[in-house]
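Please read the points below with the structure open beside you, and look up each residue as it is named. The points take up aromatic rings, a sheet and pairs of opposite charge in turn.

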Amino acid sequence: MARVLLKFKDALIKEIPLDKPVITIGRKAENDIVIDNQAVSGFHAKILAEGEAFAIEDLGSLNGTFVNGQRVTKIDLDNGDIVLIGIHSLEVDCPSRKEADKMAQAVRGRSMDETMVIDPASQKRMLEATTKAEDVLGGFVVVEGSAEKREYELKDRVVTIGKDESAAIRLKGFFAPAVAALVNRRKEGYFMTPASGKSFKVNGQDVKTKYDLKDGDLVEVGNLKMQFFIKE
């Protein structure tokens, strides 16, 4: 059965089966998935079953709903997608029913002594699915501003920057948003997206959309100026 894995900083909190036509997500107790955090709206988003597929729709939340680092209004979900709600993540575990049926038909009636031929496209998808994000490790060094640490290693798949007490990189200041930006880690590197309708600066330029971080970039978020680095 399809499901989502509710996580906080890569620690699994709960597994939720996608066994209803509509599953709501939010801070209020009436939701199917309750996330008790101030960065989450009362009724934040909902997951919709659409035939054999699933989609997620934002419900006008203050801090937005993000899928693989991109802020979305409504989008189809794929197996392995990472949905960010506030500072918690939902990992989608819903292999396509069509792909499962196709694989079952391919192996049905075969002898266990036979070798099954896998086409190059399928082989590539399998290799990508098994490649771990740990291949690349980067981080930030604080060069200006008051922070809890001078250096932050970005080990998690999603790192939040903001004022919220659970943010990995804490911002200070009365007007600092609970979640100001998100840093996503993938096997090919890192990218960063603004949150809460805000922007950040990279090398002195305003950034309002997804930005692929490069070694040596100077990033300004709130009261902090940090230099991004990739470990050799």
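Predicted model: local features only at pLDDT ≥ 70, side-chain atom pairs only at ≥ 80, totals over all residues.

1. A residue is called exposed when its relative accessible area is over 50%, buried when that area is under 20%, and partly exposed in between.

2. A pair of aromatic rings is described by the distance of the centres and the angle of the planes. The structure holds 3 aromatic pairs. In one of them, the ring centres of Phe174 and Phe175 lie 5.2 Å apart while the planes stand at 90°, so this pair is edge-to-face; planes over 60 degrees apart count as such.

3. Another pair joins Tyr190 and Phe228, whose ring centres are 5.5 Å apart and whose planes stand at 70°, so this pair too is edge-to-face. It links distant parts of the chain, since Tyr190 lies in strand E17 (residues 189–194) and Phe228 in strand E22 (residues 224–230), 38 residues apart.

4. Turning to the strands, an open sheet of 5 strands runs in the order E15-E14-E16-E17-E20, and its pairing is mixed. Strand E15 (169–170) and strand E20 (211–212) stand at the edges with a single partner strand each, so one side of each is left without a neighbour in the sheet. In which sense do E14 and E15 pair? Strand E14 (residues 158–162) pairs with E15 in the parallel sense, over 2 bridges, and Gly162 stands opposite Arg170 in E15.

5. Side chains of opposite charge can pair when their charged atoms come close. A search of the whole structure finds 10 salt bridges, and among them is the one between Glu15 and Arg3, with the closest N and O atoms 2.6 Å apart. This pair links distant parts of the chain, with Glu15 in strand E2 (residues 11–17) and Arg3 in strand E1 (residues 3–8), 12 residues apart. Glu15 is partly exposed, at a relative accessible area of 42%, and Arg3 also counts as partly exposed, at 27% relative accessibility. A network of salt bridges links Arg3, Glu15 and Asp93.

6. Arg157 forms a salt bridge with Glu91, and here the closest N and O atoms are 3.9 Å apart. The two residues are 66 residues apart in the chain, Arg157 lying in the loop between strand E13 (151–154) and E14, and Glu91 in strand E11 (residues 88–93). Why does Glu91 count as buried? Its relative accessibility is 19%, and the cut-off for buried is under 20%. Arg157, at 27% relative accessibility, counts as partly exposed.

7. A further salt bridge is formed where the side chains of Glu153 and Lys155 meet, at 3.4 Å from N to O. Glu153 counts as partly exposed because its relative accessibility is 30%, whereas Lys155, with a relative accessible area of 52%, is exposed.

Terms used: Residues numbered from 1 in each chain as written. Heavy atoms only, no water. Phe/Tyr/Trp six-rings, centres within 6.5 Å; stacked < 30°, edge-to-face > 60°. Helix = DSSP H or I, 4+ residues; strand = E, 2+ residues; numbered from the N terminus. Pairing = 2+ DSSP bridges. Salt bridge = Lys/Arg side-chain N within 4 Å of Asp/Glu carboxyl O. Buried < 20%, exposed > 50% of the residue type's maximum accessible area, 1.4 Å probe, protein only.
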